Amino acid sequence: QVQLVESGGGLVQPGGSLRLSCAASGIIFSRYGMDWYRQAPGKQRELVATITSAGSTNYADSVKGRFTISRDNAKSTVYLQMNSLKPEDTAVYYCNAHIIGTHYNYWGQGTQVTVSS
């Protein structure tokens with residue numbers, strides 16, 4: 001059974017930092033591209049950052065220079081380091097595992113990030 005379990009969310013002040021983790025099980029993690037998405041209340045889910053199985057990364061313009069995605073294949077875990085957080089970063093953050101061109105596409109349950117003073 002495939003499981004993606006996010007952790008590391010919470011309440012942080014503007015300008016602060018958080019590191020999200022997503023631990024995967026039930027898949028051959030190294031073969032999967034991994035994404036972080038977020039969904040704010042009343043808004044559509046949006047792609048925040050992606051890392052391919054080869055380690056190439058890409059970011060939404062809104063988080064470039066502030067967020068860093070990374071992966072540890074030995075731990076089957078993907079991370080999202082979030083710095084200089086803004087109130088507009090408040091959302092539920094989800095991780096996604098996928099293999100392009102296949103039906104292999106899995107989601108975690110999400111972790112809440114709230115940026116507020």
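Serine 84 lies in the loop between β8 and β9, and in this predicted model the residue has a positive phi of about 50° although it is not a glycine. With a relative accessible area of 40%, serine 84 is partly exposed, because the range for that class runs between the 20% limit for buried and the 50% limit for exposed. Serine 84 is also one of the residues touched by glycine 15, when residues up to four places away in sequence are not counted. The points below set these details beside the overall fold, the nonpolar core and the contacts made by aromatic rings.

**Overall fold**

- Along its principal axes, the C-alpha trace of the protein spans about 40 × 25 × 25 Å.
- Among contacts between residues at least 6 apart in sequence, 54% join residues that are at least 24 apart.
- Buried residues make up 42% of the 117 residues, while the accessible surface comes to about 6,300 Å², of which 46% belongs to carbon and sulfur atoms.

**The nonpolar core**

- In soluble globular proteins, nonpolar side chains tend to be buried together.
- The largest nonpolar core here has 30 residues, and those that touch the most other members are Met34, Trp36, Leu80, Met82 and Tyr93.
- The elements that give two or more residues to this core are β3, β4, β5 (46-51), β7 (67-72), β8 (77-82), β9 (91-98) and β11 (111-115).

**Aromatic rings and a charge over them**

- A search of the whole structure finds 2 aromatic pairs, and in one of them the rings of tyrosine 32 and tyrosine 106 have their centres 6.2 Å apart and their planes at 40°, so the pair is tilted.
- This pair links distant parts of the chain, since tyrosine 32 is in the loop between β3 (18-25) and β4 (33-39), whereas tyrosine 106 is in strand β10 (residues 105-107), 74 residues apart.
- Tyrosine 32 is buried, with a relative accessible area of 6%, whereas tyrosine 106 is partly exposed, with a relative accessible area of 24%.
- The charged end of arginine 45 sits over the ring of tyrosine 94, at 3.8 Å from its centre, and arginine 45 also lies over the face of tryptophan 107, at 4.7 Å from the ring centre.

**Loops and their exposure**

- Serine 76 is found in the loop between β7 and β8, and this residue, too, has a positive phi of about 50° although it is not a glycine.
- Serine 76 is buried, with a relative accessible area of 19%, a value that falls under the 20% limit.
- Alanine 74 lies in the loop between β7 and β8 and is exposed, with a relative accessible area of 78%.
- From C-alpha to C-alpha, alanine 74 and glycine 10 are 26 Å apart in space, and they are 64 residues apart in sequence.
- Glycine 15 has its place in the loop between β2 (10-12) and β3, where it counts as exposed at 54% relative accessibility.
- Glycine 15 touches Ser84 and Leu85, not counting residues up to four places away in sequence.
- The C-alpha atoms of glycine 15 and glutamine 81 are separated by 13 Å, although these residues are 66 residues apart along the chain.

Technical notes. Residues numbered from 1 in each chain as written. Predicted model: local features only at pLDDT ≥ 70, side-chain atom pairs only at ≥ 80, totals over all residues. Heavy atoms only, no water. Phe/Tyr/Trp six-rings, centres within 6.5 Å; stacked < 30°, edge-to-face > 60°. Helix = DSSP H or I, 4+ residues; strand = E, 2+ residues; numbered from the N terminus. Buried < 20%, exposed > 50% of the residue type's maximum accessible area, 1.4 Å probe, protein only. Lys NZ or Arg CZ within 6 Å of the ring centre and 35° of its normal. Contact = heavy atoms within 4.5 Å. Areas by Shrake-Rupley, 256 points an atom, 1.4 Å probe, with all protein chains shown as cover. Core = buried A, V, L, I, M, F, W, Y, C linked by side-chain atoms within 4.5 Å.
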